[in-house]
Amino acid sequence: MRVIPLTLTALAAALALTACDNGGGSKAGGSESKAGTACAAGAVSLQVGSASVAPAAGDSGQVPVSITNQSAPCTLDHFPGVTLHQDGRTAKLPVQEGATAQKLKLAKGDSATFTISYVRGADAGAKGAKAATMEITLPGGGEPQSFPWKYGTVAAKTGETTPDASVSAFQQVGD
């Protein structure tokens, strides 16, 4: 009679240990190998959200961009790339000062976001960017995606002709 309780106890312990396995490691098809692929444009959807538009010259504005994974698990590592385009000229935006990249793993349906911060310039000024479009690239590659820039002229940095704008790090959305 004593054999059955010990057998059940051993079986319960084995099941509890198996439940803790995350499927990673060196097993083929484990979660680490699936999540190890970089998120690339085309496998994720990009959406430019409602902006906090800078109303007048000298004011700051923010443009949120959401990324939602549409396929297999992937990883966002490093920073997004944003380039403003105006009349044949381009300006790649730098990363926000002090921003630290974090590696985010996105399962199918998971989302992340980043923000483009900018200072509004005078519409009549020769400096700055009167951008017509912005092109967004992800560190995982894929084709750049283009969106209209409808937030007014971007001011130039003091003493320069480069736009006074920057890109934040990726942030996880939700749990």
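**Ser 166 and its contacts**

I looked up what Ser 166 touches, skipping its neighbours within four places in sequence: Leu 93, Pro 94, Val 95, Gln 96, Thr 115, Ile 116 and Ser 117. Contact here means heavy atoms within 4.5 Å. This is a predicted model, where local features need pLDDT of at least 70, side-chain atom pairs count only at pLDDT 80 or more, and totals for chains, interfaces and linings use all residues. Residues are numbered from 1 along each chain as its sequence is written, and side-chain values use heavy atoms, with hydrogens and water left out.

Is Ser 166 buried or exposed? I noted it as buried, because its relative accessibility is 14% (buried is under 20% relative accessible area, exposed over 50%, partly exposed in between, with a 1.4 Å probe and protein chains only). Ser 166 sits in strand β10, residues 165-167.

**The whole chain**

I found two helices and eleven strands (DSSP runs numbered from the N terminus: helices are H or I with at least four residues, strands are E with at least two). Of the 175 residues, 33% are buried.

**The core**

Next I checked the largest nonpolar core, which has 30 residues. Such a core is a set of buried Ala, Val, Leu, Ile, Met, Phe, Trp, Tyr and Cys residues joined through side-chain atoms within 4.5 Å. Among the residues touching the most other members are Ile 116 and Trp 149. Strand β7 gives the largest share, four residues.

Then I looked at Trp 149: leaving aside neighbours within four places in sequence, its contacts include Leu 84, Ile 116, Tyr 118 and Met 134. Ile 116 was already on my list for Ser 166.
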